[in-house]
Amino acid sequence: MTAAAPRNARRPHATGASDARIWTRLQPFVATALVLGLIGIPLWLVVATAGKSQGEALNPDLSLPDNWQLFENLRQVWVDGEVPAAFLGSLLVVVPTVAGVLTFGSMAAWILARRATRLNAVLYALGISGIVLPPAVVTVVLLLRQLGLAGSAVGMIGVYMGIYMSTVIFFVTGFVRTIPTSLEEAAQIDGAGPFTVFRRVVLPMLRPVLATATILICLYVWNDVFYAFFVIGGRIDTLPLNLFRVASAGLYLNNWHLIFAYVVLMSLPLVIVLAVAQRKIISGITSGAVK
Amino acid sequence: MPIAEKAPVLERITPPPTPRANTKRSVASTINRRTHPMWFLAPAFAILLVFFFLPTLFNFIYAFTDWSGFKSSINPTGLDNFTQLASDGTLFRAIRITLVYAVLVALFQNLFGFALAVLLERDNRVNRIARIFFLIPVLMSALAVGYIFQALLKPEGSLNGLIGVVLGRTFDYAWLGDTTWTIVVVALIHSWKWMGLSMLIYLAGLKTIPEDILEAARIDGASRWRTFWGIKSPLLAPAVTFNVATALLGSMNGFDIVQATTGGGPARTTEILNIFIYRTFGQGLFAQATAMSLVLFLLVALLAFPVIRTLRKREEIL
């Protein structure tokens, strides 16, 4: 660095600085162009096609629809795609999964972080192995049949909890280790039992990391089709499963306007959540990953 | 991920239990069986055992049977499933395609995510809005993303239309119908969906670089270019580790995007392991699907640990 400094000392001030100024001026235009090209075109294709009639949408392109019939299409998909049932089905699976995995995961993570025994080191390694290892999708079906849970919401919730428990244990254990034990100790001295300490003292402090985990797990479970195919097949409707049905059913073949109307309906809740809570979501996702 | 490594240091800070700790007050304040009971682990590990470890264990059993949808009995058959899958070339082709797909996704997703992070690093209004737009694909269902690109990339679709306008002649390349290059196109789509997440993580990494180091470099007369490669990029190593590991392992376990764009075609050239598993399961060939599921498990397990270790080691050197 010191050897290179004198040689470079003049140039950056002469050309480097003006380069930087040009770039500062240019950067907003580059950014806008990239957003329009990379995100704008695909999203416009969705909205424009969702607003067309079947004939016009046969070969989806970026042209404006002759007359917008977005709401008619949305209504048709709402009924034919059984969106209300699918929405409820998705909620029925996502909410208990997230609640369960966060509660049980952070309970376990608290102990794993605080009691550094050799057994706990082994349990921690086992507990986070699911982050990396793929779940056994085929045999889980067999197991659920043996348990009498095949095709049920309970079975699906169990499978999702098994898959994402590792993520929660990993994130929360790392976080608990950065919190000093003094507050817990104060509560213990006041005579609080472990459950009260956990609920009243530990859980509130975990809020940032639980927010991160909630966002990630909601995203994965809300959008999952792969595990849902195996576990619930056609027995419970979820939004992605119904999208797949709409898109692959012979009845809907080449009905791009309906496929994209469904995509609009399905993505809208998430996009609204993003627009409203973008700051929280962005900080939530990033705080967990890079420390 | 470095969180786990920091832990022992933190634990050392808390005072070790002294002999005097046997007084009533101190007993209450030390961490022990009463204050941190092991039964708190029970629900989480019960769920993991039943819904994760047990099915995985079953993988190692049922991959060596003739379990199928056509008969009720299940008999051990030894290595038959594997020899059959290997003899018709399916096994190694599926492994090869999965690995190629994973490597391409890891490469593209990090390239795009990194470029976007550098481009949108400064905190101003345009950049903040741009970042939100790049997050939309991350939130969308992968299935939906697949359908969007299926429409966009049809031979008579919009992308070819735009290229045709630029070239001034009709252009009708079948992006999703090429037995050599479609795997690359699908990997690009996968990277398109997830590049916003990589971008966020690289942005967070860029923010952790202390201002005084950059200031020192500026005083030493380092150019922007040199500052970038000499200082910023090595300090991004933890973000690279996280992004490469998640992209590699995530895409090896991929399904939705491939299913929605090509369904494994053309001529099964994009049939990654999970597509094969889904297809054979649908045909009632449960044991073969299980065998492939076991192959995926072993593949990920064998790759994950060396990949994460190498990336970590690189972090330490830098």
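What is the handedness of the crossing of H5(B) and H12(B)? Read on for the answer, and keep in mind that this is a predicted model.

## Chain B at a glance

Let's start with the overall make-up of one chain. Chain B contains 15 helices and zero strands. Of its 318 residues, 42% count as buried. If you look at contacts in chain B with a separation of 6 or more, 70% of them come from residues 24 or more positions apart.

## The crossing of H5(B) and H12(B)

Now back to the opening question: H5(B) and H12(B) form a right-handed crossing. Within chain B, helix H5 spans residues 90-119 and helix H12 spans residues 237-252, and the two pack with their axes 8 Å apart at an angle of about 140 degrees.

On the H5(B) side, the contact is built from B:Thr98, B:Tyr101, B:Ala102, B:Val105, B:Ala106, B:Gln109, B:Asn110 and B:Gly113. Facing them from H12(B) are B:Asn243, B:Val244, B:Ala247, B:Leu248, B:Ser251 and B:Met252. Sorted by type, this contact has eight nonpolar and six polar residues, with no charged ones.

## An enclosed helix

Helix H14 of chain B covers residues 273-282, and eight of its 10 residues are buried, so the rest of the structure largely encloses it. The buried residues of H14(B) are B:Leu273, B:Asn274, B:Ile275, B:Phe276, B:Ile277, B:Tyr278, B:Thr280 and B:Phe281. After H14(B) comes B:Gly284, which has a positive phi, near 85 degrees.

## Where the chains meet

How many residues of chain B are in contact with chain A? There are 85 of them, and they touch 84 residues of chain A. On the chain B side, helix H3 (residues 42-62) gives the most, with 14 residues. That side of chain B comprises 61 nonpolar, 18 polar and six charged residues.

## A helix pair across the interface

One pairing between the chains is worth a look. Helix H12 of chain A (residues 239-248) packs with helix H7 of chain B (residues 142-152), their axes 9 Å apart and at an angle of about 25 degrees. Since angles under 35 degrees count as roughly parallel, H12(A) is described as roughly parallel to H7(B).

From H12(A), the residues involved are A:Pro240, A:Leu243, A:Phe244 and A:Ala247. They meet B:Leu143, B:Ala144 and B:Tyr147 in H7(B). The contact of H12(A) with H7(B) consists of seven nonpolar residues, with no polar and no charged ones.

Definitions and conventions
Residues are numbered from 1 along each chain as its sequence is written. Chains are lettered from A and ligands numbered from 1 in the order in which they are written. This is a predicted model: local features need pLDDT of at least 70, side-chain atom pairs count only at pLDDT 80 or more; totals for chains, interfaces and linings use all residues. Two residues are in contact if their C-beta atoms, placed from the backbone, lie within 7 Å. Helices (H or I, at least four residues) and strands (E, at least two) are DSSP runs, numbered from the N terminus. Ala, Val, Leu, Ile, Met, Phe, Trp, Tyr, Cys and Pro count as nonpolar, Asp, Glu, Lys and Arg as charged, and the others, Gly among them, as polar. Axes are lines fitted to C-alpha atoms, for helices over the stretch in contact, and angles run from 0 to 180 degrees between N-to-C directions. Angles under 35 degrees count as roughly parallel, over 145 as roughly antiparallel, 65 to 115 as roughly perpendicular and the rest as oblique. A crossing is left-handed if the near helix is turned anticlockwise from the far one by less than a right angle, and right-handed if clockwise. A residue is buried if 20 or more other C-beta atoms lie within 10 Å of its own, exposed if 12 or fewer, and partly exposed in between; C-beta atoms are placed from the backbone.
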